[in-house]
Amino acid sequence: MSQVSERFSRDQMAARVAQDIPEGAYVNLGIGLPTKVANFLPPEREVFLHSENGLLGMGPAPAPGEEDEDLINAGKQPVTLLTGGSYFHHADSFAMMRGGHLDICVLGAFQVSGSGDLANWHTGAPDAIPAVGGAMDLAIGAKQVFVMMEHQTKLGEPKIVERCTYPLTGIGCVDRIYTDLAVLDVTPEGLRVREMAPGLTFNDLQAVTEARLLPPNDEQGARA
């Protein structure tokens with residue numbers, strides 16, 4: 001599989017996702033890479049971060065030495081709580097997720113298909129440890145699903161595929177994909193490129209993407 005050298009850093013990816021989270025949104029950040037988004041939300045923008053272990057109103061990561069071992073997110077990482085933040089029962093947290101009360105969830109993924117199917121809880125390998133957590137509830141319950149992930153596996157294989165080969169988390173649930181190479185919208189016509197990493201061409205991007213891509217709309221353009 002082709003390799004490319006121009007890539008967004010993980011911090012740049014997180015900042016790009018944060019850019020698309022509007023004022024007043026209720027948002028769940030999935031375990032792993034998506035948790036970095038909290039550090040890039042502008043302090044003047046009111047966004048309510050939710051964690052399925054029973055938190056609403058999380059802030060950025062605490063400064064070194066100021067961690068509270070009793071204040072963690074679903075990934076067991078130390079977090080802060082903003083003024084007005086609250087704690088509640090795990091069951092109430094899942095009721096929020098399943099009841100359609102979250103505007104956006106940001107999830108990691110093993111694979112996303114060209115039609116927006118999501119596979120992020122199990123690779124199907126015999127020795128893999130499945131970890132579905134609240135992913136299925138979030139994928140179906142959130143009004144918008146953003147996926148934040150590396151564009152390729154460590155072996156250089158595509159993670160954006162025509163059809164997922166791993167067990168599915170949700171069908172047709174993904175709205176937008178953020179990777180270290182591009183930002184893609186899932187549309188009825190296919191995956192539309194919104195932005196690309198500096199110096200990357202559309203053909204470069206297609207070469208490392210199994211699913212067929214659609215070029216940016218003329219009026220939208222792409223950052224190159």
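The model is predicted, so local features need pLDDT of at least 70 and side-chain atom pairs count only at pLDDT 80 or more, while totals for chains, interfaces and linings use all residues. Residues are numbered from 1 along each chain as its sequence is written, and side-chain values use heavy atoms, with hydrogens and water left out.

**Exercise 1: strands**

Find which strands pair with β3, and in what sense.

*Solution.* Start with the terms: strands are DSSP runs of E with at least two residues, numbered from the N terminus, and two of them pair if DSSP finds at least two bridges between them.

Step 1. Look at β2 (residues 48-51) and β3 (residues 55-58): they pair in the antiparallel sense over two bridges. Here His50 stands opposite Leu56.

Step 2. Follow the turn. Three residues separate β2 and β3 in a hairpin, and Gly54 in the turn has a positive phi of about 110°.

Step 3. Move on to β4 (residues 81-87), which pairs with β3 in the antiparallel sense over three bridges. Leu55 has Tyr87 as its bridge partner in β4.

**Exercise 2: aromatic pairs**

How many aromatic pairs does a search of the whole structure find? Describe the pair of Tyr26 and Phe48.

*Solution.* Rings of Phe, Tyr and Trp (its six-membered ring) pair if their centres lie within 6.5 Å; planes under 30 degrees apart count as stacked, over 60 as edge-to-face and the rest as tilted.

Step 1. The search finds three aromatic pairs. One of them, Tyr26 with Phe48, is stacked, at 4.5 Å centre to centre and 15° between the planes.

Step 2. Check accessibility (buried is under 20% relative accessible area, exposed over 50%, partly exposed in between, with a 1.4 Å probe and protein chains only). Tyr26 is partly exposed at 31%, and Phe48 is partly exposed at 23%.

Step 3. Now try Phe110 and Tyr166: the pair is edge-to-face because the centres are 6.1 Å apart and the planes at 90°.

**Exercise 3: side chains at the second pair**

Are Phe110 and Tyr166 buried, exposed or partly exposed?

Step 1. Phe110 has 32% relative accessibility, so Phe110 counts as partly exposed.

Step 2. Tyr166, at 28%, also counts as partly exposed.

Note on methods: Helix = DSSP H or I, 4+ residues; strand = E, 2+ residues; numbered from the N terminus.
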